[in-house]
Amino acid sequence: MARIQLVLPDSDRDRFVHEAKKENLSLSEWLRLAAKARVEAANDKSGFASSSELAAFFGACDEVEEDGPEPDWQEHLSVINQSKRRGSTDT
């Protein structure tokens with residue numbers, strides 16, 4: 001097993017030790033698990049397997065939407081601009 005030396009601020013060390021104790025782990029084990037979780041999260045690329053799966057996802061989203069299809073971009077801009085003008089003098 002490899003040994004790694006780690007330099008970190010005392011405040012971080014204290015926080016990490018506190019968290020490790022809460023989980024009834026040694027600092028070393030807590031750091032190993034934290035690093036492993038970070039690597040696994042970074043490598044989790046569970047996306048859509050196919051374009052038909054993506055289409056099914058958006059179809060399900062459309063079924064949940066109660067107000068019909070989403071407005072086009074020009075309608076969004078109009079709402080944004082109206083909101084910006086609210087309270088202004090339009091001069």
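Student: By class, which residues does the lining of the largest pocket have?

Tutor: A word on the source comes before the reply. This is a predicted model, in which local features need pLDDT of at least 70 and side-chain atom pairs count only at pLDDT 80 or more, while totals for chains, interfaces and linings use all residues. Residues are numbered from 1 along each chain as its sequence is written, and side-chain values use heavy atoms, with hydrogens and water left out.

Tutor: Rolling a probe the size of a water molecule over the atoms shows where empty space is left. On a 1 Å grid over the protein atoms alone, a pocket is an open set of points where a 1.4 Å probe fits, with protein on both sides within 12 Å along at least five of seven lines, and lining residues have an atom within 4 Å of a point. Here the lining of the largest pocket has five nonpolar, one polar and two charged residues. In this scheme Ala, Val, Leu, Ile, Met, Phe, Trp, Tyr, Cys and Pro count as nonpolar, Asp, Glu, Lys and Arg as charged, and the others, Gly among them, as polar.

Student: Which residues line the largest pocket, and about how much space lies in it?

Tutor: The lining is made by Met1, Ala2, Arg3, Ile4, Leu6, Ser28, Leu31 and Arg32. The pocket holds about 380 Å³, where a volume is the space filled by probe spheres set on the points, and grid points are joined across faces, edges and corners.

Student: How many salt bridges does a search of the whole structure find?

Tutor: A salt bridge is a side-chain nitrogen of Lys or Arg within 4 Å of a carboxyl oxygen of Asp or Glu. The search finds four. One of them involves Arg32, already met in the pocket lining: Arg32 pairs with Glu29, and the closest N and O atoms are 2.4 Å apart. Both residues belong to helix H2 (residues 27–43) and stand three residues apart, about one turn of the helix. Helices are DSSP runs (H or I, at least four residues), numbered from the N terminus.

Student: Are Arg32 and Glu29 buried, partly exposed or exposed?

Tutor: Buried means under 20% relative accessible area, exposed over 50%, and partly exposed in between (1.4 Å probe, protein chains only). Arg32 counts as partly exposed because its relative accessibility is 42%, and Glu29 is partly exposed at 26%.

Student: Which side chain meets that of Arg15 in a salt bridge?

Tutor: The partner is Asp12, at 3.0 Å from N to O. Arg15 and Asp12 lie in helix H1 (residues 10–22), three residues apart, about one turn of the helix. Arg15 is exposed, with a relative accessible area of 53%, whereas Asp12 is partly exposed at 22%.

Student: Which residues form a nonpolar patch on the surface?

Tutor: Patches are made of residues with over 30% relative accessible area and no salt bridge; nonpolar side chains (Val, Leu, Ile, Met, Phe, Trp, Tyr) are joined within 5 Å, and like charges within 9 Å. Accessible areas come from the Shrake-Rupley method with a 1.4 Å probe; for residues, only the protein chains shown count as cover. In this model Phe48, Leu54, Phe57 and Phe58 form such a patch, with about 380 Å² of accessible area together. Phe57 lies in helix H3 (residues 51–64) and is partly exposed, at 38% relative accessible area.

Note on methods:
Helices (H or I, at least four residues) and strands (E, at least two) are DSSP runs, numbered from the N terminus.
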